Amino acid sequence: MAKKNSKREYELITHERPKALVSEAYRTLRTNLGFTEIDQKYRSILLSSPNPMDGKSMTIANLAVVLAQAGHKVILVDCDLRKPMQHEIFKLPNQRGVTNCLMQNLEIAEVAQATAVENLNLLSSGPIPPNPAEILNSESTRALWGRLQEEYDYILVDGPPVLAVADASILAGQVDGVILVLWSGHSRIDAARQAKEQLSRAGANLIGVVLNQVEVKRNNYYYNYGSYYYYGYGEGSARKK
Ligand SMILES: Nc1ncnc2c1ncn2[C@@H]1O[C@H](COP(=O)(O)OP(=O)(O)OP(=O)(O)O)[C@@H](O)[C@H]1O
Ligand SMILES: [Mg+2]
């Protein structure tokens, strides 16, 4: 298993190497989450995890790419107003973004940026505010999801970890569904349980859990794909629709 360290490096593998095995794993994730079904129940989806550095930002960026590659009109919204990374992953500027839409009431079309991936726009975080939780817990943030749904098929929301700050729980209650990312072998069961309880209390609809960095056994050898595994989750499971 690759070790987590504090230096961040990102590869948008689904865009750069669509034929790689890992890219195939992201497409499987897209299918397992029910994104190929016509009558889509979940259009705004938050990815979060119990703790920092579980791979949320990288997972949601690649998920956004494979959704766009399937022909859906997708916007990736960086609501991690503490450690925003999506503009770095997509190598775009971050002068204006979510915080400008919310605080200066700018039009989405003025702020959303085209990415190198067709059908995929990015709403980066914008300038980091002093009071992220307060900004996210506002009428203008709740209204933002409706505004985005008028223009996009899917709204994928990157957020901070659940257990660190209130932001993720606030966002979880506003979107259609939440996916929890766990770093296989690192995320502790008690932290995962605590995150799940906190999200449920916030009114979240937990639709799935993604295990990042699973080791897959093949022909008696272990291959570490850096792959993803999806578990359907309870009644809210996208697979059970
Ligand atoms: N499956 C993977 N294989 C290898 N490296 C990975 C994998 N997933 C994530 N990483 C690496 O781990 C680091 C942290 O990933 P990322 O920034 O996506 O985590 P995060 O959960 O969004 O962090 P934060 O809580 O700070 O927002 C990055 O360097 C990323 O490239
Ligand atoms: Mg992140």
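Let's begin with S169, which lies in helix α9. Helices here are DSSP runs of H or I with at least four residues, strands are runs of E with at least two, and both are numbered from the N terminus. Is S169 buried or exposed? It is buried, at a relative accessible area of 12%. By that I mean under 20% relative accessible area; exposed is over 50%, and partly exposed is in between, with a 1.4 Å probe and protein chains only.

What does S169 touch, leaving aside neighbours within four places in sequence? The partners are V162, Q198, L199 and A202. A contact is heavy atoms within 4.5 Å.

A word on the source. This is a predicted model, where local features need pLDDT of at least 70 and side-chain atom pairs count only at pLDDT 80 or more, while totals for chains, interfaces and linings use all residues. Residues are numbered from 1 along each chain as its sequence is written, chains are lettered from A and ligands numbered from 1 in the order written, and side-chain values use heavy atoms, without hydrogens and water.

Now the whole chain. It has 10 helices and eight strands. Of its 241 residues, 54% count as buried. Take the contacts with a separation of 6 or more: 75% of them join residues 24 or more positions apart. Areas come from the Shrake-Rupley method with a 1.4 Å probe; for residues, only the protein chains shown count as cover.

Next, salt bridges. The definition is a side-chain nitrogen of Lys or Arg within 4 Å of a carboxyl oxygen of Asp or Glu. How many turn up in the whole structure? Four. I'll show some of them.

D167 is buried, at 0%. R82 is partly exposed, at 37%.

Another is R142 with E139, at 3.5 Å, N to O. Both are in helix α8 (residues 139–151), three residues apart, so about one helical turn separates them. R142 is partly exposed at 37%, and E139 is exposed at 57%.

Then R17 with E11, the closest N and O atoms being 3.1 Å apart. R17 is partly exposed at 42%. So is E11, at 31%.

E107, E110, E150 and E151 form a negative surface patch. Patch residues have over 30% relative accessible area and no salt bridge, with like charges joined within 9 Å. Asp and Glu count as negative, Lys and Arg as positive, and His and the chain ends are not counted. For Glu, the charge is placed at CD. E107 is in the loop between α5 (98–103) and α6 (108–111), partly exposed at 49%.

Last, the backbone. Most residues other than glycine have a negative phi. K91 has a positive one, near 55 degrees. K91 lies in the loop between α4 and α5 and is exposed, at 66%. N119 also has a positive phi, near 75 degrees. Its loop runs between β3 (113–114) and β4 (120–123), and N119 is partly exposed, at 33%.

Key:
Patch = residues over 30% accessible without salt bridge, like charges linked within 9 Å, V, L, I, M, F, W, Y side chains within 5 Å.
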